[in-house]
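Work through the following exercises with the sequence and the structure side by side, and try each task before reading its solution.

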Amino acid sequence: MAAGETQIYAVSNKLKGRSTTSLLDPLLGMGFPAHTALKALAATGRKTAEEASDWLHCHCNDPSLDDPIPQEYALFLCPTGPLLDKLQEFWRESRRQCAKNRAHEVFPHITLCDFFTCEDQKVECLYEALKRAGDRTLGAFPSAVPLVLHSSISYLGFFVNDSPADVIQEFAVTFATEASILADCTVKPCTKQLHLTLAHKFYPHHQRTLEQLAKAVHPGHGCQWTAALYSRDMRFVHYQTLRVLFQYKPQNVDELTLSPGDYIFVDPTQQEEASEGWVIGISQQTGCRGFLPENYTERASECDTWVKHRTYTFSVAPDLSSGKDGEASRGPNRDPRPPPMSRSISSLQSLQATIVRKSVLVVRHGERVDQIFGKSWLQQCSTPDGKYYRPDLNFPRSLPRRSHGIKDFENDPPLSSCGIFQSRMAGEALLDSGARITSVFTSPALRCVQTAKHILEELKLEKKIKIRVEPGIFEWTKWEAGKTTPTLMTLKELKEANFNVSMDYRPAFPLPSLLPAEPYDDYLHRCAVSMEQIVSTCPQDVGVILVVGHGSALDSCTRPLLGLPPRDCTDFTQLVRKIPSLGMCFCEENKEEGKWELVNPPVKTLTHGSNSAFNWSNWIPGN
């Protein structure tokens with residue numbers, strides 16, 4: 001137990017070196033009020049006064065800075081060393097082969113105490129409670145924790161049984177008791193079956209694959225078990241977490257400044273005011289709220305915003321030769337990303353299938369103007385007499401003529417110049433791939449018809465294949481602004497604007513059938529009926545049917561083909577908001593087995609960064 005004893009002294013020394021007085025005094029000396037200084041220390045894990053000071057400066061415009069809202073804390077037992085390496089390998093492979101499930105939201109752990117609140121000025125008492133509980137348990141803590149694999153239709157994980165489980169639970173009870181006495185907070189220790197979750201809420205047909213992957217995780221691998229105290233912001237427990245990828249400078253006063261590495265908290269139930277491609281969120285870095293372009297972010301894991309406070313390491317298994325002393329002090333593990341894949345055998349097989357099998361390629365439209373210039377984009381490019389002009393190169397050169405003038409574009413925006421370029425790149429890539437496009441269907445939204453046109457032009461098929469407009473695959477009308485459906489261009493207007501649209505196609509749902517704020521089930525129904533008609537309209541057994549729609553179409557138009565049940569509305573909303581411009585899903589008919597399958601698209605994805613506005617007059621002396 002020598003290693004455990006060494007860690008005890010380390011914890012004790014850290015507690016003394018980070019006393020409330022030594023960390024608080026510098027902040028008070030800088031002029032910060034005591035309550036906000038304590039809040040900053042709690043939010044940064046009470047590591048240094050410098051970190052807390054930086055946090056306060058970043059949150060100077062945070063409207064909730066003075067609110068007496070404490071952090072939530074939880075205690076976990078976390079593996080390190082070779083066992084953790086194997087678990088992380090399982091995390092990577094299970095996500096790659098079976099998609100993300102609930103277990104990927106948090107690092108590998110055994111929950112000891114559920115989340116509880118603690119006043120900011122008493123957080124250091126939790127550290128002392130952790131030390132006291134660890135001291136009392138150290139002598140009895142098992143040298144190896146036995147893990148037994150358990151599998152069911154929606155859960156896969158290791159159970160901790162027998163006397164080791166009793167010892168660990170006793171440690172959790174001791175911590176809860178000490179925390180109650182020292183920090184005056186109510187802590188609920190875990191008294192149920194202790195478990196380390198591998199996968200949770202996955203698709204039933206993935207169970208066998210997950211079980212096979214789990215067999216590579218041998219519980220006998222060397223492991224150093226560490227009790228870790230984490231905190232999170234209790235206001236955002238049920239929010240979606242986004243990680244910022246690119247810098248964004250606001251174009252309007254209600255937009256949020258984005259810095260790479262920041263995290264954004266988004267409430268999926270409060271997005272009615274956001275137009276497509278935008279969300280309303282709160283920055284973890286600044287506490288400010290505003291609109292932001294969602295394609296500047298990616299979905300983050302739930303634990304990425306948690307703060308690690310203190311740890312207590314119990315024991316080192318005999319074969320732990322590769323571990324390092326500093327391992328236990330790392331922050332929460334993020335989902336490691338697999339290395340980029342080169343063109344593999346499976347992708348070549350997928351390409352061959354596009355030639356010999358009937359396929360459906362569902363594509364989201366390119367970047368739209370309001371996605372970049374905000375809700376007031378039309379005011380930025382309109383003269384007082386209602387004429388269009390180009391205030392920025394990312395605005396299109398011109399707009400097609402509409403019967404009611406330029407105002408009809410407000411809720412039916414066109415592609416930006418970059419959106420046109422994206423569409424052409426996708427068409428060029430499809431041409432290079434050898435994919436044989438035999439028919440094209442689009443949503444009636446202008447941006448979708450434009451995307452289809454530019455793809456066909458790069459394929460040299462713009463005169464050979466007519467675009468069939470299917471209102472049945474239009475966006476879920478609940479997401480559209482206003483109490484009426486947008487005014488969309490008629491087939492006659494599209495024809496006059498040089499779009500090679502079919503005037504003979506009879507859609508499954510004509511334009512007047514689109515109702516505002518339709519229920520989720522009604523939206524899914526019209527997409528399913530529309531896809532059934534689209535596939536039946538193209539009876540040939542080979543070739544690719546190109547369907548250009550919205551981000552939501554990648555889910556609502558493919559699941560009916562694949563025979564999958566609809567997603568929960570909340571899951572659907574969170575999923576489709578992450579689909580970028582020109583995102584693709586590729587379905588292929590397997591006649592031998594009588595079903596459709598989701599396979600690799602024939603072209604790669606398109607990724608690019610931002611380019612903020614530039615004002616040359618800032619370089620004039622005196623400006």
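For sorting residues by class, Ala, Val, Leu, Ile, Met, Phe, Trp, Tyr, Cys and Pro count as nonpolar, Asp, Glu, Lys and Arg count as charged, and the others, Gly among them, count as polar. Keep in mind throughout that the model is predicted.

**Exercise 1.** Describe the lining of the second largest pocket by class, and find which helix gives the most to this lining.

*Solution.* Begin with the pocket itself, which has a volume of about 450 Å³ and is lined by 24 residues, with Pro268, Gln271, Trp479, Thr573 and Arg577 lying nearest its centre. Then turn to the helices, where helix 18 (residues 569-576) gives the most to the lining, with 4 residues. Finally, consider the domains: domain 2 (240-299) and domain 3 (358-368 + 415-599) each supply at least three residues to the lining.

**Exercise 2.** Decide whether Asp304 is buried or exposed, and find which backbone nitrogen its side chain reaches.

*Solution.* First locate Asp304 in the loop between strand 11 (297-299) and strand 12 (307-316). Its relative accessible area is 8%, and because buried means under 20%, Asp304 counts as buried. Lastly, follow the side chain of Asp304 to the backbone nitrogen of Ser301, which lies at 3.1 Å.

**Exercise 3.** Classify Pro204 by its relative accessibility.

*Solution.* Pro204 is found in the loop between strand 5 (195-200) and helix 8 (207-214). Since its relative accessibility is 47%, which falls between the 20% and 50% cut-offs, Pro204 counts as partly exposed.

Notes. Residues are numbered from 1 along each chain as its sequence is written. This is a predicted model: local features need pLDDT of at least 70, side-chain atom pairs count only at pLDDT 80 or more; totals for chains, interfaces and linings use all residues. Side-chain values use heavy atoms; hydrogens and water are left out. On a 1 Å grid over the protein atoms alone, a cavity is a set of points where a 1.4 Å probe fits but cannot get out, and a pocket is an open set with protein on both sides within 12 Å along at least five of seven lines; lining residues have an atom within 4 Å of a point. Grid points are joined across faces, edges and corners, and a volume is the space filled by probe spheres set on the points. Helices (H or I, at least four residues) and strands (E, at least two) are DSSP runs, numbered from the N terminus. Domain bounds come from an automatic or database domain assignment. Buried means under 20% relative accessible area, exposed over 50%, partly exposed in between (1.4 Å probe, protein chains only). A polar contact is a pair of N or O atoms within 3.5 Å; within protein, one must be able to donate a hydrogen and the other to accept it, and residues adjacent in sequence count only if both atoms are side-chain atoms.
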